[in-house]
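Dear colleague,

Please read them with the coordinates open beside you.

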Amino acid sequence: MPMPRRALAAAAVALVLPLSACGSGGDGGGSTDASGKVEGNITFQTWNLRAGFKSYFDGLIADFEKKYPGTHVKWIDQPAEGYPDKLSADAAGGTLPDVVNVSPDLVAPLAKAGLAMDLDKAAAKYRPEYLAGAWASHQVPGMSGTYAFPWYLNTGPLFYNKSLFEKAGLDPAKPPTTYDDLFADALQMAGKSGGKVATLANVPTIEDFGRYGVTLMNRQGTAFAFNDAKGVELLTKYKQLYDAGALDPQALTATPESSGKKFLTGAVAMNPGSALDLGNFKKNAPSLYRNIGITDQITSTGHVNMYVMGVMVNSRTKHTPAAVAFAHFVTDAQNQMSFAKKVAIFPSTAGSLGDPYFTKEDGTDETRVRIAAAKSLKNAVNYTPVLFSDQMKTALRNEVAKALQGKESPKQALDNAVNAVNRLLTQG
């Protein structure tokens, strides 16, 4: 699934497998022994990548088939829309491809259904090649094992409008670096503008609670627990912002795209982004580009959020050595580096982020953003729990909206949200 941050952020979509898929699927075959000869025909499925990267994947497959004579890789690319449903249907029908592009939340139900190969058994020798946090991102609470190779990563800075900061009497050279600073600056900006300029355009999501230092799940990984005192504190702060006009009034229904447009037009002072956004600012909002400030994501944990994509091996494949070898080939350091130079994403392989491409300044803002993001990714975490489905996101969003509108207290809203998502978890 591409690409930029917005698409990656939207990539976590619930996948509910029919019960008939549990413990079955396929027609037998498959094992976690990948030590045999790499040969045979396998199918590789990507997520909305053909339009932009056909030549890259054609070359990748040709290189693999040349390295391993006797192999043939059939490439299938599925559109972004309906991808989880397609996976679910294939899983239920026993037609899941041998190697599949997934995100962590999509791999979880497949692993639970016995359809995702445990790479800690099949590919343990490759584990040191990847960043520890990236490898761990496809582990499933309550299960032992790792169920996909980590592929490309993304993260990004906070962009801010220096002109709006200045008008509010804030120092544009000193953007907020802590949550306390952020909330104080946001209230000052709303006050100075008579509520016309908000600082933020999005309500808090599960990853925001994670960045704030909220305990998202219990230690066993069996229940969500983000209704603790710190969670209530964060939602209470957002309620204060909402009441003061420091949080955009349309935040309750905002999408990443609509928030981005608000930032482009100067109605919002800060917005998360990636290096890709700088080109958009330069082309579509030159006055904003001239006043753009770039700062780090704000966290209370010292770890920024990352989005991660993975490559899963179907546990029912009849060609385990070839499927594991190809999944590793797609995600090895050389091929990830090559892909990263074609689009603003980052490799999950250990050492790759030390390449001059990610460390050497050239005076451009694009490179500055790329270098800062690469540095932060070395110890970044994926705050969205693997088990947090799309239905759960909706349940949390609905309760957050009630709290911001004053229909429920922040504590009641988070209690209700936790109860709702834990019900969904037990149904899963």
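In this predicted model, helix 2 and helix 15 meet through Phe53, Tyr56, Phe57 and Leu60 on the side of helix 2, and through Asn335, Ser338 and Phe339 on the side of helix 15. Sorted by class, the residues of this contact comprise 5 nonpolar and 2 polar ones, with no charged residues. The axes of helix 2 and helix 15, the latter covering residues 333–340, come within 11 Å and cross at roughly 165 degrees; since angles over 145 degrees count as roughly antiparallel, the two helices are therefore roughly antiparallel to each other. Their crossing is right-handed.

Is phenylalanine 57 buried or exposed? Its relative accessibility is 0%, and because buried means under 20%, phenylalanine 57 counts as buried. When its neighbours within four places in sequence are left aside, phenylalanine 57 is in contact with Phe44, Thr46, Leu49, Trp75, Trp151 and Phe339. As for tryptophan 75, which stands 18 residues from phenylalanine 57 along the chain, the C-alpha atoms of the two are separated by 8.4 Å.

The axes of helix 17 (residues 390–404) and helix 18 (residues 410–427) come within 9 Å, crossing at roughly 165 degrees, which makes helix 17 roughly antiparallel to helix 18. Here too a right-handed crossing is found, as helix 17 passes helix 18. From helix 17 the contact draws on Gln391, Met392, Ala395, Leu396, Glu399 and Ala403, and these meet Pro410, Ala413, Leu414, Asn416, Ala417, Ala420, Val421, Leu424 and Leu425 in helix 18. The residues of this contact divide into 12 nonpolar, 2 polar and 1 charged.

Turning to the chain as a whole, the protein has 18 helices and 8 strands. Its radius of gyration is 22 Å, close to the 22 Å that the globule rule gives for 428 residues, so the chain is as compact as a globular protein of that length. Along its principal axes, the C-alpha trace spans about 70 × 50 × 30 Å. Of the 428 residues, 55% count as buried, and among contacts with a separation of 6 or more, 77% are accounted for by residues 24 or more positions apart.

Definitions and conventions:
Residues numbered from 1 in each chain as written. Predicted model: local features only at pLDDT ≥ 70, side-chain atom pairs only at ≥ 80, totals over all residues. Heavy atoms only, no water. Axes fitted to C-alpha atoms, helices over the stretch in contact; angles between N-to-C directions. Helix = DSSP H or I, 4+ residues; strand = E, 2+ residues; numbered from the N terminus. Parallel < 35°, antiparallel > 145°, perpendicular 65-115°, else oblique. Left-handed = near helix turned anticlockwise from the far one by under 90°. Contact = heavy atoms within 4.5 Å. Nonpolar A, V, L, I, M, F, W, Y, C, P; charged D, E, K, R; others polar. Buried < 20%, exposed > 50% of the residue type's maximum accessible area, 1.4 Å probe, protein only. Rg over C-alpha atoms; globule rule 2.2 N^0.38 Å.
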